[in-house]
Amino acid sequence: MSKKVMIIDDNEKFLRIAGLLIQSFGYTLITLNDPQEGLEMISRDPPSLILLDIMMSPMDGSQFLDERRKIPGALDIPVMICSAWRLTEEELAPYRNEIVGVIAKPVEPALLREILKDHLGV
């Protein structure tokens, strides 16, 4: 059974491109453009890893992380921030223990593959 990667991003183009890459690497894919839907899904069918954009509306990535804390077992799911927004250490500080890293967009395919392999194996 392949590992499941959830991408939460409001950019449809990014969802398509990253999704194709992730599937080509052999992972099962869930793409969502609504963080609220992601919160509902992780309690029903948790992924192995979440790639999370920060700049979304009406719920942004920080709010997603805050709400995720309320879901039993959700903190066991690694989260990788994937954003074009360059986050400062101060912005990341409240989530430092909850995220496994930050990837800057645009994402290089080889880097994405390496990150997924490091965190999920396969």
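1. Two strands count as paired if DSSP finds at least two bridges between them. That criterion applies throughout this note, which concerns a predicted model. Four bridges join β1 to β3, and the two strands run parallel.

2. Ile 50 has Val 79 of β4 as its bridge partner, and Leu 52 has Ile 81 of β4.

3. What is the order of the strands in the sheet? The sheet is open, has five strands and runs β2-β1-β3-β4-β5, with parallel pairing. Its edge strands are β2 and β5 (99-104), each of which pairs on one side only. From one strand to the next the twist averages 20°.

4. The side chains of β3 deserve a separate look. In a regular strand, side chains alternate between the two faces of the sheet. In β3, Leu 49 and Leu 51 point one way, while Ile 50 and Leu 52 point the other way. Are these four residues buried or exposed? All are buried, that is, each has under 20% relative accessible area.

5. Helix α1 covers residues 12-24. At 1.5 Å a residue, its 13 residues should span 18 Å, and the end C-alpha atoms are 18 Å apart, so the two values agree.

6. Which residues of α1 are buried? They are Phe 14, Leu 15, Ala 18, Gly 19 and Ile 22. Viewed down the axis of α1, the buried residues fall within an arc of 120°, and therefore they line one face of the helix. On the other side of α1, Lys 13, Arg 16, Leu 20 and Ser 24 are exposed.

7. The buried residues of α1 are covered by several elements. Among them are the strands β1 (4-8), β2 (28-32), β3 (49-52) and β4 (79-83). Helix α5 (109-120) is also included in this cover.

8. Both ends of α1 have a detail to record. At the start of α1, a side-chain oxygen of Asn 11 comes to within 2.9 Å of the backbone nitrogen of Lys 13. After α1 comes Gly 26, which has a positive phi, near 100°.

9. A further helix, α2 (residues 35-44), lies across β1, β2 and β3.

Definitions and conventions
Residues are numbered from 1 along each chain as its sequence is written. This is a predicted model: local features need pLDDT of at least 70, side-chain atom pairs count only at pLDDT 80 or more; totals for chains, interfaces and linings use all residues. Side-chain values use heavy atoms; hydrogens and water are left out. The expected span of a helix is 1.5 Å times one less than its number of residues. Buried means under 20% relative accessible area, exposed over 50%, partly exposed in between (1.4 Å probe, protein chains only). The arc is that of the directions from the helix axis to the C-beta atoms. Contact means heavy atoms within 4.5 Å. A polar contact is a pair of N or O atoms within 3.5 Å; within protein, one must be able to donate a hydrogen and the other to accept it, and residues adjacent in sequence count only if both atoms are side-chain atoms. Axes are lines fitted to C-alpha atoms, for helices over the stretch in contact, and angles run from 0 to 180 degrees between N-to-C directions.
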